[in-house]
Amino acid sequence: MTSELKDQRKDWVKNNYYETFDKLLPPVIDTLPRVDARNLSCEEFRNKYELPRIPIVLTHLMDDWPAMNKWTMKKLAKKYRNQSFKVGEDNKGNSVKLKMKYYKEYIEYNKDDSPLYVFDGNYGDHRKKCQFLKDYKVPAYFSEDLFHLVGERRRPPYRFNCFSWVVFGPKRSGTSVHIDPLGTHAWNALVSGYKRWILFPTHTPRWLLKQKLPDSEAVTWFKFVHPQTDDKNWPDDCKPIECLQGPGEMMFVPGGWWHAVLNVSDTVAVTQNYVSSANFGASWHKTARGRPKLSKKWLAQLREHRPDLAKIADETDLSVKLAEQSDSSSNGSTSSSSSSSSSSCSTCFSESEDSRERSRSRKKSESRKKRGKRDMETEGGRKKRYRSKTERDRDSYRNNSSSHSDSWDERGTTNGKSSRRGSSEHSNKDRRREH
């Protein structure tokens, strides 16, 4: 086991789900219809499922994908052995990554209640990892993505570079209940393994699903909330749809639908969120209200390339809230893919990216102010360098304890040992997953 995964291990196995997982939940009653993509035109998909926002499972869309033969953990671990993949974030929001060779070992031997989940969307520009792009293709049903008009550098942070995510998830990993942000639709293509899905209608109240739990892990949500859906007091119009997704099947999750995902075996998948003309109205409304700067840039491009949609945007009354629910806990989450739900979803992207983006901007601004103060202070026409509290304390320590054996050297070490804080501390709370 690598050093990244050694901290606070006892918290990861306290519920002993490794031993009890197979008996933890009742069998799946699969009620989601399968549709053979070989007999479904793009127009039919749009009119029957995308416009009315009806979730389905599409089959035979992945039959010719090279990924179906190449994307086994054994082959991936061999091909991408020394490549690093994102498995979560630390307390400061920094990405925590593992090399594939270590992650494969982790999958084989871990006994965690909710294991680390690879959810990586930064492979498109990578010299080695860009090979993933050759192994699959975006189905024609989902080829229209209006966010591409914003331009690469202005694109929402959940979709940069290759616009999709590769997702590797061990048994018991997953994403807690959430709604994908900005009104986006999502597709999730499962190459190997099995995923358990549960979906709730768009009008399902948030308080019913987002209950106070010991943690935000998918397995915890399924253990405590899922059984309540069979209770007689559960509203009839909020009854869920369940599905056991298998290899070669592709989930279509319409915007606004609540969903949670639990891997019941080791899985490999690819997923993407998108905006088409079919869901543009809801997506524009949410983007304009939640991301005003982005929406202005988007609207400028729509006026040039899609004046029909720009007209819809101009006529949208942003003062009126949409009737469908919003996952407000994700504001400031995964598609159908952050180790905690993202929560960057383990199968969905997360709106926490927006808050982190704002936080980074705020920190940059504060840093610039500090640099301005630190740069120079004028005293008697002479510029004096501002000394930080750490430097003052260090000098004081040297002056008062020059004979002390634990004196600091210029690199901030004590007795020759690094004094750095652990950069890979993990806890259930830290491990955010985006689906």
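## Two loop residues with positive phi

In this predicted model, R53 lies in the loop that joins α3 (42–50) to β2 (56–59). Its phi angle is near 55 degrees, which is a positive value in a residue other than glycine.

L182 is found in another part of the chain, in the loop between β7 (174–178) and β8 (185–192). Phi of L182 is near 60 degrees, again a positive value in a residue other than glycine. L182 counts as buried, because its relative accessibility is 4%, and buried means under 20%.

## A loop residue and its contacts

K239 is found in the loop between α8 (218–224) and β10 (241–245). With a relative accessible area of 33%, K239 is partly exposed.

K239 and F200 are 39 residues apart in sequence, but their C-alpha atoms are 6.7 Å apart in space. When neighbours within four places in sequence are left aside, K239 is in contact with P201, T229, D230, D231 and W234.

## Helix α9 and its cover

Helix α9 comprises residues 280–290. This helix is mostly covered, with eight of its 11 residues buried. The buried residues of α9 are F280, A282, S283, W284, H285, K286, T287 and A288. Helices α10 and α11 are included in what covers them.

## The packing of α9 and α10

Helix α9 packs with helix α10 (residues 292–305) at an angle of about 135 degrees, and the two axes are 6 Å apart. That angle makes α9 oblique to α10. The crossing of the two helices is left-handed.

Which residues make the contact between α9 and α10? From α9 come F280, S283, W284, T287, A288, R289 and G290, and from α10 come P292, L294, S295, W298, L299 and L302. By class, this contact has eight nonpolar, four polar and one charged residues.

S295 lies in helix α10. S295 counts as buried because its relative accessibility is 5%, and the cut-off for this class is under 20%. Leaving aside neighbours within four places in sequence, S295 is in contact with W284, T287 and A288, which are among the residues that α9 brings to its contact with α10. S295 and H285 are 10 residues apart in sequence, and their C-alpha atoms are 9.3 Å apart in space.

W298 also lies in helix α10. Is W298 buried or exposed? At 0% relative accessibility, W298 counts as buried. Not counting residues up to four places away in sequence, W298 touches L146, F147, L149, V150, V275, F280, S283, W284 and T287.

## The packing of α10 and α11

Helices α10 and α11 pack at an angle of about 135 degrees, with their axes 6 Å apart. They are therefore oblique to each other.

In this contact, L299, L302, R303 and H305 of α10 meet P307, L309, A310, A313 and D314 of α11. By class, the contact residues divide into six nonpolar, one polar and two charged. L299 and L302 also belong to the contact of α10 with α9.

## The two sides of α11

Helix α11 consists of residues 307–315, and its buried residues are L309, A310 and A313. Seen down the helix axis, the buried residues of α11 fall within an arc of 105 degrees, so they line one face of the helix. An α-helix has 3.6 residues a turn, so residues three or four places apart point the same way.

The buried residues of α11 pack against α9 and α10. The face of α11 turned away from this buried side carries the exposed residues P307, K311 and E315.

Technical notes: Residues are numbered from 1 along each chain as its sequence is written. This is a predicted model: local features need pLDDT of at least 70, side-chain atom pairs count only at pLDDT 80 or more; totals for chains, interfaces and linings use all residues. Side-chain values use heavy atoms; hydrogens and water are left out. Axes are lines fitted to C-alpha atoms, for helices over the stretch in contact, and angles run from 0 to 180 degrees between N-to-C directions. Helices (H or I, at least four residues) and strands (E, at least two) are DSSP runs, numbered from the N terminus. Angles under 35 degrees count as roughly parallel, over 145 as roughly antiparallel, 65 to 115 as roughly perpendicular and the rest as oblique. A crossing is left-handed if the near helix is turned anticlockwise from the far one by less than a right angle, and right-handed if clockwise. Contact means heavy atoms within 4.5 Å. Ala, Val, Leu, Ile, Met, Phe, Trp, Tyr, Cys and Pro count as nonpolar, Asp, Glu, Lys and Arg as charged, and the others, Gly among them, as polar. Buried means under 20% relative accessible area, exposed over 50%, partly exposed in between (1.4 Å probe, protein chains only). The arc is that of the directions from the helix axis to the C-beta atoms.
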